[in-house]
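Let's take a quick tour of this protein chain together. Have the picture open while you read, and find each piece as it comes up.

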Amino acid sequence: MYKKYLAECIGTMVLVLMGCGCAVMNGGATSVAAVLTIGFAFGLSVVAMAYTIGSISGCHINPAITLGVWLSGKISGGVAVKYMLAQVIGGILGSLVLYIITRGLDVSGTGANGYVEGCGWVAFVAEMVFTFVFVFVVLGATSATGYNASFTGLVIGLTLVLVHIVCIPITGTSVNPARSIGPALFEGGIALSQLWLFIVAPLLGGALAAGVWKILGVKEMVVEKVVIEED
């Protein structure tokens with residue numbers, strides 16, 4: 001009954017562990033090579049999970065995507081809330097594993113998102129717009145007109161790589177509240193005080209993507225056939 005929620009939890013854990021773990025082990029985005037490496041770590045995590053749990057839960061592993069799918073009318077509010085809760089728990093678990101590993105190696109950092117003081121509005125706009133782009137692609141790639149089961153996971157994962165390449169220098173790239181919450185909890189300090197932005201902006205971007213997708217008039221979606229009903 002709860003397999004889809006467990007799948008979302010595990011998928012988000014993998015995303016945070018691999019993506020943030022890559023950022024920490026590379027000492028942050030200090031070079032073009034590091035930015036590309038981190039971007040691909042996040043994107044490939046999505047690709048891997050899409051082909052692993054996609055048939056179980058749809059592989060949202062991101063509250064912004066779940067919000068967009070809910071606003072598109074493909075899942076109930078109850079399912080959406082449980083998805084988001086599972087994703088946040090998964091993100092915290094991924095951060096916990098990374099924290100244990102880095103403490104053992106005497107490596108600092110959790111891969112938390114952040115922005116330069118005084119540039120909060122820039123960070124907000126960036127996170128909202130890039131989340132809009134990402135969720136918009138997800139809705140399109142999983143629609144009846146754009147859906148191709150063989151390539152959907154790859155398209156979504158590569159889009160996340162693209163978003164990271166551009167946005168990492170601005171905020172470290174969140175576009176996913178669940179990805180930001182865990183690292184900020186373990187980092188504390190400034191990361192925790194700035195966390196609200198990495199929750200609000202991505203959710204607004206996801207909602208905007210759903211609204212624009214509805215305007216386009218593409219109604220038949222396939223991404224959530226397995227999770228429309230409340231348990």
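Start with helix H3: among the things covering its buried residues are H4, helix H5 (120-141), H7 and helix H9 (195-215). Keep in mind that this is a predicted model.

**The covered helix**
- H3 spans residues 63-71 and is mostly covered, with seven of its nine residues buried.
- Those buried residues are Pro63, Ala64, Ile65, Thr66, Leu67, Gly68 and Val69.

**H4 with H7**
- At what angle do H4 and H7 pack? Helix H4 (residues 77-105) and helix H7 (residues 177-187) meet at about 45°, and their axes are 8 Å apart.
- The crossing of H4 past H7 is right-handed.
- On the H4 side, the contact uses Gln87, Val88, Gly91, Ile92, Ser95, Leu96 and Tyr99. H7 brings Ala178, Ile181, Gly182, Pro183, Leu185 and Phe186.
- Sorted by class, the H4–H7 contact has nine nonpolar and four polar residues, and no charged ones.

**H1 with H2**
- Helix H1 (residues 3-25) and helix H2 (residues 32-57) have axes that come within 8 Å and cross at roughly 170°.
- Since angles over 145 degrees count as roughly antiparallel, that is the label for H1 and H2.
- H1 also passes H2 in a right-handed crossing.
- H1 residues in this contact include Lys3, Lys4, Glu8 and Met18, while H2 residues include Thr37, Phe42, Met49 and Ser57.
- The class count for H1 with H2 is 14 nonpolar, five polar and three charged residues.

**H5 with H9**
- H5 and H9 pack at about 40°, with their axes 7 Å apart.
- That angle makes H5 oblique to H9.
- H5 goes past H9 in a right-handed crossing.
- In the contact of H5 with H9 you'll find 19 nonpolar, five polar and one charged residues.

**Two residues with positive phi**
- Most residues other than glycine have a negative phi.
- Asp106 isn't a glycine, yet it has a positive phi of about 60°. Look for Asp106 in the loop between H4 and H5.
- Thr173 isn't a glycine either, and its phi is positive, near 65°. Thr173 sits in the loop between helix H6 (152-171) and H7.
- Which of these is buried and which is exposed? Asp106 has 72% relative accessibility, so it counts as exposed. Thr173 has a relative accessible area of 0%, so it counts as buried.

**A closer look at Ala184**
- Ala184 is part of helix H7.
- Buried means under 20% relative accessible area, so Ala184, at 2%, counts as buried.
- Leaving out residues up to four places away in sequence, Ala184 touches Ala112, Ala191, Leu192 and Leu195.
- How far is Ala184 from Ser143? They are 41 residues apart in sequence and 34 Å apart in space, C-alpha to C-alpha.

- The chain averages a pLDDT of 90, and 90% of the residues score at least 70.
- Over residues 220-228, though, the pLDDT is below 50. Beyond near neighbours in sequence, that stretch has 37 contacts in the model.
- Where pLDDT is low, the predicted coordinates should not be read in detail.

Notes. Residues are numbered from 1 along each chain as its sequence is written. This is a predicted model: local features need pLDDT of at least 70, side-chain atom pairs count only at pLDDT 80 or more; totals for chains, interfaces and linings use all residues. Side-chain values use heavy atoms; hydrogens and water are left out. Axes are lines fitted to C-alpha atoms, for helices over the stretch in contact, and angles run from 0 to 180 degrees between N-to-C directions. Helices (H or I, at least four residues) and strands (E, at least two) are DSSP runs, numbered from the N terminus. A crossing is left-handed if the near helix is turned anticlockwise from the far one by less than a right angle, and right-handed if clockwise. Contact means heavy atoms within 4.5 Å. Ala, Val, Leu, Ile, Met, Phe, Trp, Tyr, Cys and Pro count as nonpolar, Asp, Glu, Lys and Arg as charged, and the others, Gly among them, as polar. pLDDT is the predictor's confidence in each residue, from 0 to 100. Buried means under 20% relative accessible area, exposed over 50%, partly exposed in between (1.4 Å probe, protein chains only). Angles under 35 degrees count as roughly parallel, over 145 as roughly antiparallel, 65 to 115 as roughly perpendicular and the rest as oblique.
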